[in-house]
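Open the model in a viewer and keep the sequence panel beside it. The stops below are meant to be selected in order.

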Amino acid sequence: MSTQVHCPYCNAGQETTDHGDYRPFYVNCAECASRFIVEPVRSGVVVYRDGEAPCCSDPECRETEMGDSGQD
């Protein structure tokens, strides 16, 4: 399924393809080449600038936190 989002840096619109679940993911803007985060939520999506998302919404931070927790 694809979703229309707007880059939080330059406001350019672009389509993204979600992963079919609620995991956040990175998108590289086709206009300004900035990386931002898209997080699917029940009512649509939330868009964050890279580095401004809470840890649970940042894919790299989530991976680090879950990887260090000892849970498999």
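This is a predicted model: local features need pLDDT of at least 70, side-chain atom pairs count only at pLDDT 80 or more; totals for chains, interfaces and linings use all residues.

Residues are numbered from 1 along each chain as its sequence is written, and side-chain values use heavy atoms, with hydrogens and water left out.

**The sheet.** Select β3, β4 and β5. Strands here are DSSP runs (E, at least two residues), numbered from the N terminus, and two of them pair if DSSP finds at least two bridges between them. The three strands make an open sheet in the order β3-β4-β5, with antiparallel pairing. β3 and β5 (44-49) are at the edges with a single partner strand each, so one side of each has no neighbour in the sheet. On average, neighbouring strands of this sheet are turned by 35° against each other, direction ignored (axes are lines fitted to C-alpha atoms, and angles between N-to-C directions run from 0 to 180 degrees).

Across from F25 is V38, and across from Y26 is I37. Show R35 as well: R35 lies over the face of Y26, 3.7 Å from the ring centre (the rule asks for NZ of Lys or CZ of Arg within 6 Å of the ring centre and within 35 degrees of the ring normal).

**The core.** Select V5, C7, A12, F25, V27, C29, F36 and V38, the eight residues of the largest nonpolar core (buried Ala, Val, Leu, Ile, Met, Phe, Trp, Tyr and Cys joined through side-chain atoms within 4.5 Å). β3 and β4 are the elements that give two or more residues to this core. Centre on V27: beyond its neighbours within four places in sequence, V27 is in contact (heavy atoms within 4.5 Å) with Q14, T16, S34, R35, F36 and V38.

**Two loops.** Finish with N11, in the loop between β1 (2-6) and β2 (13-17). N11 is not a glycine, yet has a positive phi of about 70°, and at 54% relative accessibility N11 is exposed. In the loop between β3 and β4, select A33, another non-glycine residue with a positive phi, about 65°. A33 is exposed at 61% relative accessibility.

Definitions and conventions: Helices (H or I, at least four residues) and strands (E, at least two) are DSSP runs, numbered from the N terminus. Buried means under 20% relative accessible area, exposed over 50%, partly exposed in between (1.4 Å probe, protein chains only).
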